[in-house]
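Please work through them with the sequence and the structure at hand.

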Amino acid sequence: MIPRGETRFTLALLCVVSLACRNRETDKIDTKVAPIATESSVAPTPIKVPDNTTWRYTRTKGEMDKFESCDAHLESVENIDLSFPYGGEQKIKLRLSQNQNEKKPGVYIFLRKGQFPSGRTGRWRIKFDDGPAESLDILYEQSPGLAMAEVKFPNQLVNQFKSHKSVKIQVPFFREPSAILTFKVDGLQWPIPSSVKLNGGKN
């Protein structure tokens, strides 16, 4: 028969051994925590910015006369930033337009914020690819919120667009230094064939 004191000691020893074994089992548990995704570890969603520096085409019909109008337009490669009150970067738009009842297209340069020189006519400078600078006769139409310059002899200019890759135009502004702007005219299809994908308007 085991003395009562030894029995108590043996039971206490068994409890200590059992507790130690439990602690070892707990130590074996994988305590690794999955890393939390932060802003720096999450790949940003790419934002698609439309490239308006290449030709875009539209074909529309008038509400009244139902004549079809074809347009090809693109924006300058460079931005301009005019002084107050026209501050803020913007691009110059080049547009070809021809109505169904017109014999020749119109070629226009648009300025959304700002003014071209005062007067009715002007003479700009234009350069195709690496060729020499040439004169470009212009007619001005200006109203609040939009300034337009129309090329006086558009047929010749359209043919040059079709046979060159780029054109630089020295654009003057009212009480501002002029700016030399590049237009990527390569690939112009004019008149617009039916196979060309339109970027607006109706077929």
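**Exercise 1.** Which residue in strand 8 is the bridge partner of lysine 127?

Solution. The model used here is a predicted one. Begin with the two strands concerned: strand 5 and strand 8 run antiparallel and are joined by four bridges. Within this pairing, lysine 127 has lysine 168 of strand 8 as its bridge partner. Then turn to the pairing of strand 5 with strand 6, which is likewise antiparallel and extends over six bridges; here glycine 122 stands opposite isoleucine 138.

**Exercise 2.** Assign the residues of strand 5 to its covered and uncovered faces.

Solution. The covered face consists of Gly122, Trp124, Ile126 and Phe128, whereas Thr121, Arg123, Arg125 and Lys127 make up the uncovered one. As a check on one member of the covered face, phenylalanine 128 has a relative accessible area of 5% and is buried.

**Exercise 3.** Classify the ring pair of phenylalanine 116 and tyrosine 140, and state which parts of the chain the pair ties together.

Solution. A search of the whole structure finds seven aromatic pairs. In the pair considered here, the ring centres are 5.9 Å apart and the planes lie at 25°, which is under the 30 degrees cut-off, so the pair is stacked. Because phenylalanine 116 lies in the loop between strand 4 and strand 5, and tyrosine 140 in strand 6, the pair ties together parts that are 24 residues apart in sequence. Both residues are buried, phenylalanine 116 with a relative accessible area of 0% and tyrosine 140 with one of 5%.

Technical notes:
Residues numbered from 1 in each chain as written. Predicted model: local features only at pLDDT ≥ 70, side-chain atom pairs only at ≥ 80, totals over all residues. Heavy atoms only, no water. Buried < 20%, exposed > 50% of the residue type's maximum accessible area, 1.4 Å probe, protein only. Pairing = 2+ DSSP bridges. Phe/Tyr/Trp six-rings, centres within 6.5 Å; stacked < 30°, edge-to-face > 60°.
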